Amino acid sequence: MIVEVSGLRKSYGAGETAHLAIADVSFSVEQGEFLCIVGPSGCGKTTLLRCLSGLMPPTSGSVEVQGRVVRQPPEEMALVFQEYNRSLFPWMSVRGNVEFPLKKKMRSKAERRTAADDALTAVGLSGAADKYPWQLSGGMQQRVAIARAISYRPEILLMDEPFASVDAQTRIELEDLILKVRDSFGMTVLFVTHDIDEAVYLADRVVILSRSPTRVQEVLGVPLPRPRHQTTTKELPEYVHLRGHVFRAIMGGDQRPDENAQLRRGPHD
Ligand SMILES: Nc1ncnc2c1ncn2[C@@H]1O[C@H](COP(=O)(O)OP(=O)(O)O)[C@@H](O)[C@H]1O
Ligand SMILES: [Mg+2]
(Lines give C-alpha, C1' and ligand atoms only; values in the text may rest on other atoms or scores of the structure.)
(Ligands and ions follow the chains in the order given, each with its own letter.)
Protein backbone atom coordinates (compact mmCIF):
# COMPACT_ATOMS: atom_id res chain seq x y z
CA MET A 1 0.00 0.00 0.00
CA ILE A 2 1.64 3.23 -1.12
CA VAL A 3 -1.21 5.69 -0.49
CA GLU A 4 -3.99 5.37 2.06
CA VAL A 5 -6.85 7.87 2.27
CA SER A 6 -8.97 7.39 5.40
CA GLY A 7 -12.23 9.17 6.20
CA LEU A 8 -11.17 12.28 4.35
CA ARG A 9 -13.50 15.25 4.78
CA LYS A 10 -12.89 18.77 3.55
CA SER A 11 -14.81 22.00 4.11
CA TYR A 12 -13.83 25.34 2.65
CA GLY A 13 -14.30 28.17 5.11
CA ALA A 14 -15.96 27.90 8.51
CA GLY A 15 -19.19 28.73 10.30
CA GLU A 16 -22.24 29.87 8.30
CA THR A 17 -20.36 30.18 5.01
CA ALA A 18 -18.62 26.81 5.25
CA HIS A 19 -18.85 24.79 2.06
CA LEU A 20 -18.48 21.04 2.32
CA ALA A 21 -16.58 19.82 -0.75
CA ILE A 22 -15.65 16.28 0.36
CA ALA A 23 -18.05 14.44 2.63
CA ASP A 24 -16.22 11.16 3.22
CA VAL A 25 -13.57 9.59 1.00
CA SER A 26 -11.52 6.48 1.75
CA PHE A 27 -9.48 4.36 -0.64
CA SER A 28 -6.01 2.93 -0.95
CA VAL A 29 -3.53 2.68 -3.79
CA GLU A 30 -1.17 -0.21 -4.44
CA GLN A 31 2.44 0.33 -5.43
CA GLY A 32 2.69 0.58 -9.21
CA GLU A 33 -1.03 0.88 -9.72
CA PHE A 34 -2.71 3.16 -12.26
CA LEU A 35 -5.69 4.47 -10.33
CA CYS A 36 -8.23 6.73 -12.02
CA ILE A 37 -10.52 8.92 -9.97
CA VAL A 38 -13.61 9.85 -11.91
CA GLY A 39 -16.52 12.05 -10.93
CA PRO A 40 -18.75 14.81 -12.29
CA SER A 41 -17.51 18.39 -12.64
CA GLY A 42 -17.48 20.23 -9.32
CA CYS A 43 -17.74 17.07 -7.23
CA GLY A 44 -14.47 17.73 -5.40
CA LYS A 45 -11.74 16.02 -7.45
CA THR A 46 -9.28 18.91 -7.37
CA THR A 47 -9.97 19.40 -3.68
CA LEU A 48 -9.16 15.72 -3.14
CA LEU A 49 -5.85 16.01 -5.03
CA ARG A 50 -4.91 19.13 -3.06
CA CYS A 51 -5.43 17.17 0.17
CA LEU A 52 -3.61 14.11 -1.22
CA SER A 53 -0.57 16.16 -2.16
CA GLY A 54 -0.41 18.02 1.13
CA LEU A 55 -1.13 21.40 -0.47
CA MET A 56 -4.17 21.74 1.81
CA PRO A 57 -4.97 20.12 5.17
CA PRO A 58 -8.10 17.96 5.36
CA THR A 59 -10.83 19.06 7.78
CA SER A 60 -10.78 15.55 9.19
CA GLY A 61 -9.45 12.15 8.21
CA SER A 62 -5.98 11.56 6.86
CA VAL A 63 -3.76 10.80 3.90
CA GLU A 64 -0.77 8.53 4.36
CA VAL A 65 2.02 8.01 1.85
CA GLN A 66 4.23 4.99 2.55
CA GLY A 67 2.90 4.91 6.10
CA ARG A 68 3.59 8.59 6.89
CA VAL A 69 0.80 11.14 7.38
CA VAL A 70 0.97 13.80 4.66
CA ARG A 71 1.25 17.35 6.00
CA GLN A 72 3.19 18.94 3.16
CA PRO A 73 3.98 17.86 -0.41
CA PRO A 74 5.85 14.53 -0.07
CA GLU A 75 9.20 14.33 -1.84
CA GLU A 76 8.26 11.20 -3.71
CA MET A 77 5.20 12.81 -5.31
CA ALA A 78 4.91 14.93 -8.47
CA LEU A 79 1.91 16.82 -9.83
CA VAL A 80 0.61 17.63 -13.30
CA PHE A 81 -2.34 19.99 -13.73
CA GLN A 82 -4.74 20.74 -16.53
CA GLU A 83 -3.40 24.24 -17.16
CA TYR A 84 -0.04 23.43 -18.71
CA ASN A 85 0.24 26.97 -20.07
CA ARG A 86 0.18 28.39 -16.56
CA SER A 87 2.56 25.83 -15.11
CA LEU A 88 5.50 26.39 -17.47
CA PHE A 89 7.86 29.39 -17.31
CA PRO A 90 7.64 31.19 -20.67
CA TRP A 91 11.09 32.75 -20.32
CA MET A 92 12.83 29.41 -19.88
CA SER A 93 13.65 26.92 -22.59
CA VAL A 94 11.97 23.53 -22.53
CA ARG A 95 15.12 22.01 -21.02
CA GLY A 96 15.31 24.86 -18.48
CA ASN A 97 11.73 24.17 -17.41
CA VAL A 98 12.43 20.48 -16.93
CA GLU A 99 15.72 21.10 -15.07
CA PHE A 100 14.26 23.74 -12.76
CA PRO A 101 12.77 21.51 -10.02
CA LEU A 102 15.91 19.35 -10.06
CA LYS A 103 18.04 22.15 -8.62
CA LYS A 104 17.15 21.24 -5.06
CA LYS A 105 17.85 17.55 -5.49
CA MET A 106 20.82 17.38 -7.86
CA ARG A 107 23.84 19.56 -7.26
CA SER A 108 25.71 18.76 -10.42
CA LYS A 109 24.68 20.55 -13.57
CA ALA A 110 25.62 17.56 -15.72
CA GLU A 111 23.43 15.30 -13.61
CA ARG A 112 20.46 17.65 -14.04
CA ARG A 113 21.07 17.81 -17.75
CA THR A 114 21.05 14.02 -18.08
CA ALA A 115 17.89 13.65 -15.99
CA ALA A 116 16.11 16.36 -18.00
CA ASP A 117 17.17 14.91 -21.34
CA ASP A 118 16.08 11.41 -20.27
CA ALA A 119 12.66 12.76 -19.31
CA LEU A 120 12.34 14.72 -22.56
CA THR A 121 13.26 11.62 -24.54
CA ALA A 122 10.64 9.60 -22.63
CA VAL A 123 7.92 12.04 -23.73
CA GLY A 124 9.20 12.23 -27.31
CA LEU A 125 10.53 15.78 -27.08
CA SER A 126 14.29 15.34 -27.31
CA GLY A 127 14.31 17.56 -30.41
CA ALA A 128 12.54 20.46 -28.69
CA ALA A 129 14.86 20.97 -25.69
CA ASP A 130 16.07 24.40 -26.82
CA LYS A 131 12.66 25.75 -27.82
CA TYR A 132 10.46 27.90 -25.62
CA PRO A 133 7.05 26.72 -24.35
CA TRP A 134 5.20 29.35 -26.40
CA GLN A 135 6.71 27.91 -29.58
CA LEU A 136 4.97 24.56 -28.91
CA SER A 137 1.44 23.28 -29.39
CA GLY A 138 -0.77 22.66 -26.35
CA GLY A 139 -0.14 18.93 -26.50
CA MET A 140 3.62 19.45 -26.63
CA GLN A 141 3.47 21.87 -23.71
CA GLN A 142 1.65 19.25 -21.69
CA ARG A 143 4.42 16.79 -22.60
CA VAL A 144 6.93 19.27 -21.19
CA ALA A 145 4.91 19.45 -17.97
CA ILE A 146 4.94 15.64 -17.81
CA ALA A 147 8.69 15.54 -18.46
CA ARG A 148 9.24 18.04 -15.67
CA ALA A 149 7.13 15.98 -13.28
CA ILE A 150 8.93 12.72 -14.03
CA SER A 151 12.46 14.12 -14.36
CA TYR A 152 13.30 13.53 -10.71
CA ARG A 153 11.80 10.05 -10.82
CA PRO A 154 8.87 10.45 -8.44
CA GLU A 155 7.34 7.27 -7.10
CA ILE A 156 3.85 8.73 -7.31
CA LEU A 157 2.47 10.90 -10.07
CA LEU A 158 -0.74 12.86 -9.42
CA MET A 159 -2.53 14.24 -12.44
CA ASP A 160 -5.55 16.56 -12.34
CA GLU A 161 -7.50 16.35 -15.61
CA PRO A 162 -4.20 16.72 -17.46
CA PHE A 163 -5.63 16.22 -20.95
CA ALA A 164 -8.87 18.16 -20.59
CA SER A 165 -7.61 21.21 -22.51
CA VAL A 166 -6.26 19.55 -25.65
CA ASP A 167 -8.01 18.40 -28.81
CA ALA A 168 -9.30 14.84 -29.12
CA GLN A 169 -6.46 13.60 -31.34
CA THR A 170 -3.77 14.97 -29.01
CA ARG A 171 -5.60 13.59 -26.02
CA ILE A 172 -5.43 10.08 -27.47
CA GLU A 173 -1.68 10.46 -28.06
CA LEU A 174 -1.13 11.74 -24.51
CA GLU A 175 -3.15 8.88 -23.01
CA ASP A 176 -0.92 6.34 -24.72
CA LEU A 177 2.16 8.35 -23.83
CA ILE A 178 1.33 8.34 -20.12
CA LEU A 179 0.84 4.56 -20.15
CA LYS A 180 4.24 4.14 -21.80
CA VAL A 181 5.95 6.55 -19.42
CA ARG A 182 4.36 4.83 -16.44
CA ASP A 183 5.80 1.51 -17.64
CA SER A 184 9.29 2.80 -18.33
CA PHE A 185 9.54 4.84 -15.10
CA GLY A 186 7.63 2.33 -12.95
CA MET A 187 5.47 4.88 -11.15
CA THR A 188 2.22 4.72 -9.25
CA VAL A 189 -0.25 7.05 -11.00
CA LEU A 190 -3.32 8.77 -9.54
CA PHE A 191 -5.16 10.22 -12.47
CA VAL A 192 -8.20 12.46 -11.99
CA THR A 193 -10.59 12.89 -14.89
CA HIS A 194 -14.26 13.57 -15.56
CA ASP A 195 -13.96 11.53 -18.78
CA ILE A 196 -15.37 8.04 -18.34
CA ASP A 197 -13.76 6.55 -21.48
CA GLU A 198 -10.39 7.87 -20.46
CA ALA A 199 -10.71 6.50 -16.93
CA VAL A 200 -11.60 2.98 -18.07
CA TYR A 201 -9.01 2.98 -20.87
CA LEU A 202 -6.12 3.92 -18.57
CA ALA A 203 -6.91 2.40 -15.20
CA ASP A 204 -6.17 -0.73 -13.21
CA ARG A 205 -8.96 0.44 -10.92
CA VAL A 206 -11.43 3.30 -11.04
CA VAL A 207 -12.61 5.18 -7.96
CA ILE A 208 -16.07 6.54 -8.79
CA LEU A 209 -16.98 9.67 -6.86
CA SER A 210 -20.52 10.90 -6.24
CA ARG A 211 -21.72 14.43 -6.81
CA SER A 212 -20.74 17.19 -4.38
CA PRO A 213 -20.20 16.91 -1.45
CA THR A 214 -18.43 13.84 -2.69
CA ARG A 215 -18.16 10.30 -1.39
CA VAL A 216 -16.72 7.14 -2.89
CA GLN A 217 -19.61 5.59 -4.75
CA GLU A 218 -17.74 2.53 -5.93
CA VAL A 219 -14.24 1.20 -6.58
CA LEU A 220 -14.19 -0.77 -9.80
CA GLY A 221 -11.48 -3.15 -11.01
CA VAL A 222 -10.57 -2.89 -14.71
CA PRO A 223 -9.17 -6.30 -15.69
CA LEU A 224 -8.55 -5.39 -19.34
CA PRO A 225 -5.36 -6.79 -20.88
CA ARG A 226 -2.27 -4.60 -21.36
CA PRO A 227 -0.79 -3.11 -23.43
CA ARG A 228 -3.98 -1.31 -24.32
CA HIS A 229 -4.86 0.00 -27.74
CA GLN A 230 -7.21 2.83 -28.59
CA THR A 231 -9.12 0.68 -31.08
CA THR A 232 -8.90 -2.96 -30.04
CA THR A 233 -9.24 -2.35 -26.29
CA LYS A 234 -12.27 -0.14 -26.81
CA GLU A 235 -13.90 -2.80 -28.96
CA LEU A 236 -13.68 -5.46 -26.24
CA PRO A 237 -17.10 -6.38 -24.79
CA GLU A 238 -15.56 -6.07 -21.31
CA TYR A 239 -14.50 -2.47 -22.03
CA VAL A 240 -17.96 -1.58 -23.33
CA HIS A 241 -19.51 -3.16 -20.28
CA LEU A 242 -17.23 -1.38 -17.79
CA ARG A 243 -17.71 1.95 -19.52
CA GLY A 244 -21.49 1.54 -19.36
CA HIS A 245 -21.26 0.61 -15.71
CA VAL A 246 -19.27 3.74 -14.79
CA PHE A 247 -21.52 5.88 -16.96
CA ARG A 248 -24.64 4.66 -15.16
CA ALA A 249 -23.01 5.06 -11.75
CA ILE A 250 -22.13 8.69 -12.48
CA MET A 251 -25.03 9.79 -14.63
CA GLY A 252 -27.76 7.71 -13.00
CA GLY A 253 -28.76 10.40 -10.52
CA ASP A 254 -28.56 13.10 -13.18
CA GLN A 255 -31.28 11.69 -15.40
CA ARG A 256 -34.05 12.93 -13.15
CA PRO A 257 -35.30 16.45 -13.92
CA ASP A 258 -33.90 19.04 -11.53
CA GLU A 259 -37.06 20.12 -9.73
CA ASN A 260 -35.48 23.15 -8.10
CA ALA A 261 -34.25 24.45 -11.44
CA GLN A 262 -37.68 23.95 -12.98
CA LEU A 263 -39.36 25.88 -10.17
CA ARG A 264 -36.90 28.72 -10.61
CA ARG A 265 -37.37 28.85 -14.38
CA GLY A 266 -41.16 28.76 -14.34
CA PRO A 267 -43.43 27.02 -16.86
CA HIS A 268 -42.77 29.30 -19.87
CA ASP A 269 -38.99 28.88 -20.32
N1 LIG B 1 -10.99 27.60 -2.68
C2 LIG B 1 -12.28 27.27 -2.59
N3 LIG B 1 -13.10 27.89 -1.73
C4 LIG B 1 -14.41 27.56 -1.61
N5 LIG B 1 -15.01 26.58 -2.33
C6 LIG B 1 -14.25 25.93 -3.21
C7 LIG B 1 -12.86 26.23 -3.40
N8 LIG B 1 -12.36 25.40 -4.37
C9 LIG B 1 -13.40 24.62 -4.74
N10 LIG B 1 -14.53 24.93 -4.06
C11 LIG B 1 -15.84 24.26 -4.18
O12 LIG B 1 -15.69 22.91 -3.79
C13 LIG B 1 -16.41 22.04 -4.66
C14 LIG B 1 -15.47 21.07 -5.34
O15 LIG B 1 -14.59 21.78 -6.22
P16 LIG B 1 -13.43 21.06 -7.02
O17 LIG B 1 -12.63 20.27 -6.06
O18 LIG B 1 -12.70 22.10 -7.79
O19 LIG B 1 -14.25 20.10 -7.99
P20 LIG B 1 -13.80 19.33 -9.33
O21 LIG B 1 -12.32 19.40 -9.41
O22 LIG B 1 -14.34 17.96 -9.18
O23 LIG B 1 -14.46 20.03 -10.48
C24 LIG B 1 -17.15 22.95 -5.64
O25 LIG B 1 -18.44 23.15 -5.15
C26 LIG B 1 -16.34 24.22 -5.62
O27 LIG B 1 -17.14 25.35 -5.92
MG1 LIG C 1 -11.02 20.07 -10.88
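**Notes on the predicted model**

1. Glu161 counts as buried, because it has 20 C-beta neighbours inside 10 Å and the cut-off for a buried residue is 20 or more. Glu161 belongs to the loop between strand S7 (156–160) and helix H6 (168–185), and its phi is positive, at about 40°, although it is not a glycine.

2. Gln66 counts as partly exposed, because 14 C-beta neighbours lie inside 10 Å.

3. As for confidence, the chain has a mean pLDDT of 92, with 94% of its residues reaching 70 or more. Over residues 254–264, however, the pLDDT is below 50, and beyond near neighbours in sequence this stretch has one contact in the model.

4. The strands form an open sheet of ten with mixed pairing, in the order S5-S4-S1-S2-S10-S9-S3-S8-S7-S6. Its edge strands are S5 (68–69) and S6 (77–80), each of which pairs on one side only. Within the sheet, S1 (residues 3–12) and S2 run antiparallel and are joined by seven bridges, and Leu8 stands opposite Val25 in S2.

5. Helix H9 (residues 237–251) lies across strands S3 (34–38), S9 (205–209) and S10 (214–221), and runs at about 170° to S10.

6. Two cis peptide bonds deserve a look in the viewer. The bond from Ser212 to Pro213 is cis, with omega near -10°, and Pro213 has its place in the loop between S9 and S10. The bond from Arg226 to Pro227 is likewise cis, with omega near -5°, and Pro227 lies in the loop between S10 and helix H8 (232–235).

7. Which residues surround ligand 1? The shell consists of Tyr12, His19, Ala21, Gly39, Ser41, Gly42, Cys43, Gly44, Lys45, Thr46, Thr47 and Ser212. Strand S2 (19–29) and helix H1 (45–52) are the elements that give two or more residues to this shell, and the largest share, three residues, comes from H1.

Conventions:
Residues numbered from 1 in each chain as written. Chains lettered and ligands numbered in written order. Predicted model: local features only at pLDDT ≥ 70, side-chain atom pairs only at ≥ 80, totals over all residues. Near = placed C-beta within 6 Å. Helix = DSSP H or I, 4+ residues; strand = E, 2+ residues; numbered from the N terminus. Pairing = 2+ DSSP bridges. Contact = placed C-beta atoms within 7 Å. Axes fitted to C-alpha atoms, helices over the stretch in contact; angles between N-to-C directions. pLDDT = per-residue confidence, 0-100. Buried ≥ 20, exposed ≤ 12 C-beta atoms within 10 Å, placed from the backbone.
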